[in-house]
Amino acid sequence: MPASDDTAAADTAPPPTVSVVIPVHNTRPYLDRSLGSVFAQTLDQRRIQVIAVDDGSTDGSARYLAERARHHPNLTVVHQPASGGAGRPRNVGLAHATGDYLFFLDSDDHLGTEALARLTRMALTHGSDIVYGRIVGADGRAAPVDLRTTAAAVTPFDSPVYWTLAAYKLFRRSFVEHHRLRFTEGRLLAEDLPFGITALLRAETVSVVADYDCYYLHGRPDDSNASRQDTDWCEYLDYIGGVLAGVAAEVPPGPHRDTLMVRHFHGEILMPFAAPYLARDTAGRRAMAAAARPLVDRYLTDRVLAALPPASACAPTACAAHSTTN
């Protein structure tokens, strides 16, 4: 029996330009905003594949996604048990992706209406493996970096791109598959660091779209963003030790590695000492200082130390530990 016209058209249709992967876990209040921003894109919806991975939601998110899928043929919904972080749902979404490019959108954030058109145009024009879009903080949450200059090609050593290693950017899917990039699973915090670091250090062309507000990074009224959750900071620092070992394997000792380590000491090593409970937990503070000490000994060179805040501002600072032994 010959194929119908619709079936034949589906078989010969080109792959989508971009696959948007959205991990969802109990974010029903924000899904109208996040999904709506994808469906409102100026890029033709036929060129956008949307993959929402429901990670064991119990708040009605699964029902909402199923309903939206009935009205949007480019939306695929995948359901799975709760996995404990965004890593596994992103990996599952990646496995379903067929677009030339990937974009990872958190389900409580949203895109500017021209974001995907501008990001994919930059990638197609310049052969980019990664394209950063300008990030805007919203609802009390600050953008991690202020991207001010649109550029066809930058590196982690001559631009601020390394200061945001989160997933919300455009990646060439063939590049991701060639390097077998995947997110760390089962972690609530920093699950995207190994993916983001390896991608940036191996990409041939990294581009920036800074003349348009592409990604809106929202805080939540109940302060329930993953980055605000209670964390076992000693275990976290042990995990960061593995992340930094990966950086060291990619970049030999010297000024370039130190440039990257400045960002990591700011963002991943000194940051935990600001955890609110530490103000009244001397034992916890001592335990964290001990957990940080191997990273200080291994990676805190004089160049890195000079670029960090003064020791008095880093209590109970790893910097101070370094300064007593060097």
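Student: Is strand β2 enclosed or open to the outside?
Tutor: Largely enclosed by the rest of the structure, because 8 of the 8 residues of β2 (48-55) are buried. Buried means under 20% relative accessible area, exposed over 50%, partly exposed in between (1.4 Å probe, protein chains only). Strands here are DSSP E runs of at least two residues, helices H or I runs of at least four, numbered from the N terminus.

Student: What should I know about the model?
Tutor: It is predicted; local features need pLDDT of at least 70, side-chain atom pairs count only at pLDDT 80 or more, and totals for chains, interfaces and linings use all residues. Residues are numbered from 1 along each chain as its sequence is written, and side-chain values use heavy atoms, leaving out hydrogens and water.

Student: Back to β2. Which residues point which way?
Tutor: I48, V50, A52 and D54 point one way, and Q49, I51, V53 and D55 the other.

Student: In what sense does β1 pair with β2?
Tutor: Parallel, over 7 bridges. DSSP must find at least two bridges for strands to pair. S19 stands opposite Q49 in β2.

Student: And V20, what is in contact with that?
Tutor: Beyond neighbours within four places in sequence, V38, I48, Q49, V50, I51, F103, L105 and L116. Contact means heavy atoms within 4.5 Å.

Student: New topic. Where is P14 found?
Tutor: In the loop between α1 (5-12) and β1 (18-24). P14 is exposed, with a relative accessible area of 67%.

Student: How far is P14 from T98?
Tutor: They are 84 residues apart in sequence and 9.9 Å apart in space, C-alpha to C-alpha.
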